Amino acid sequence: MRVGVLTGGGDCPGLNAVIRAVVRKGIEKHGWDVVGFRNGWAGPVTGDSRPLGLNDVEDILARGGTILGSSRTNPYKDDSVDKIRATLSEQGVDALVAIGGEDTLGVAKRLVDDGINVVGVPKTIDNDLDATDYTFGFDTAVHIATEAIDRLRTTAESHHRALVVEVMGRHAGWIALHSGLAGGANVILVPERPFSVDKVVEWVLRRFEAEYAPIIVVAEGAVPEGGKEVLHSGERDAFGHVRLGGVGQWLAEEIADRTGKESRAVVLGHTQRGGTPTAYDRVLATRFGLHAVDAVAEGDWGTMVALRGTDIVRVKLSEATAKLKTVPLDRYQEAEVFFG
Ligand code: F6P
């Protein structure tokens with residue numbers, strides 16, 4: 001059997017750990033040939049692939065990014081599904097393991113409907129994929145953001161400033177919620193709940209009165225009540241997503257204007273996606289890779305491996321991509337106790 005692997009969408013720490021597990025178990029247990037398609041769905045569309053042997057996956061467990069490259073190519077946008085079919089037939093590839101988030105796995109689901117053998121592996125720092133408790137990459141991103149908050153707190157206190165920390169999270173505020181809780185933020189703002197600037201200002205002032213410097217963690221997709229998302233640019237990717245960014249700077253200026261206190265904004269941006277994965281993410285990614293091999297071996301097409309509690313299970317790709325997993329109200333309300 002010849003199995004292709006690809007990584008699509010925004011990269012995240014742990015992708016290489018999945019690739020390594022698929023190659024190791026695929027070759028050592030099943031005697032498969034494994035090929036890596038480069039740059040997400042662009043690889044199968046253009047036929048850009050490389051063989052993946054045991055030597056190719058030595059020393060990649062701890063490496064961030066993806067040795068295969070990634071892209072946000074959408075084969076359904078430019079009718080290139082037949083090109084994928086042609087590549088798989090020319091290269092003798094029987095099945096694909098697609099490692100990605102909502103967009104990459106949404107394509108995987110459609111390809112399965114169109115008769116192509118695909119098994120999915122969930123990844124995203126945003127942790128917003130439904131049907132899995134966690135995606136790998138999230139734990140690493142939360143660690144990076146928490147460390148940044150810890151560092152920003154000491155300088156904020158020295159200068160008696162408010163510090164607004166903008167984290168990633170387009171539609172879901174998981175990184176903001178977890179890093180904000182772990183870092184003891186005084187305000188956490190998530191895309192799921194439009195925020196009142198008046199209320200933020202009240203919390204900030206209360207914090208200054210207590211002689212502390214307020215830390216406000218805001219997800220890039222958070223919106224002020226009655227307002228709109230702050231866009232970095234009007235540009236859209238192949239899946240129609242706009243680039244977000246800038247709400248942190250906007251909020252820091254509002255806080256400075258309304259309180260008369262100095263405020264600064266820091267955008268953590270892609271630092272959250274780079275570098276080595278945490279031990280938790282390495283283990284989760286490795287387990288996902290091992291279980292994806294089992295699904296391929298059993299011909300369980302259209303499934304995605306998922307974490308439920310401490311078990312790895314299989315769910316339908318259709319279930320996993322039907323809706324995003326956003327922060328529920330009760331989880332947000334837990335954090336509100338610490339606001340102000
Ligand atoms: O989907 C993961 C993510 O990191 C989002 O949190 C963020 O909005 C987006 O990707 C950024 O994408 P890009 O790397 O294309 O700027």
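Predicted model: local features only at pLDDT ≥ 70, side-chain atom pairs only at ≥ 80, totals over all residues.
User: Hello! In β5, which residue is the bridge partner of V97?
Analyst: Residues are numbered from 1 along each chain as its sequence is written, while side-chain values use heavy atoms, with hydrogens and water left out. β4 and β5 run parallel and are joined by five bridges (strands pair if DSSP finds at least two bridges between them). Within that pairing, the partner of V97 in β5 is V119.

User: And in β4, which residue is the bridge partner of T7?
Analyst: Strand β1 (residues 2-7) runs parallel to β4, and five bridges join the two. Strands here are DSSP runs (E, at least two residues) and helices likewise (H or I, at least four), numbered from the N terminus. In β4, T7 is partnered by I99.

User: How many of the six residues of β4 are buried?
Analyst: A95, V97 and I99 point one way from the strand, whereas L96, A98 and G100 point the other way. Buried means under 20% relative accessible area, exposed over 50% and partly exposed in between, with a 1.4 Å probe and protein chains only. β4 (residues 95-100) is largely enclosed by the rest of the structure, because the number of its residues that are buried is six of the six.

User: Which strands stand at the edges of the open sheet of four strands?
Analyst: The order is β7-β8-β6-β11, with parallel pairing. Between β6 (residues 162-167) and β8 (residues 215-219) there are five bridges, and V167 has A219 as its partner in β8. Two strands have a single partner each, so one side of each lacks a neighbour in the sheet: β7 (187-189) and β11 (263-267).

User: What angle does the direction of α7 make with that of β7?
Analyst: Helix α7 (residues 197-209) packs on this sheet and touches β6, β7 and β8, contact being heavy atoms within 4.5 Å. Axes are lines fitted to C-alpha atoms, for helices over the stretch in contact, and angles run from 0 to 180 degrees between N-to-C directions. For α7 against β7, the angle is about 155 degrees.

User: Is D79 buried or exposed?
Analyst: D79 is not a glycine, yet its phi is positive, about 55 degrees. It sits in the loop between β3 (49-51) and α3 (81-90). Because its relative accessibility is 69%, D79 counts as exposed.

User: And A131, buried or exposed?
Analyst: A131 also has a positive phi, near 80 degrees. Its place is the loop between β5 (118-122) and α5 (138-159). With a relative accessible area of 11%, A131 is buried.
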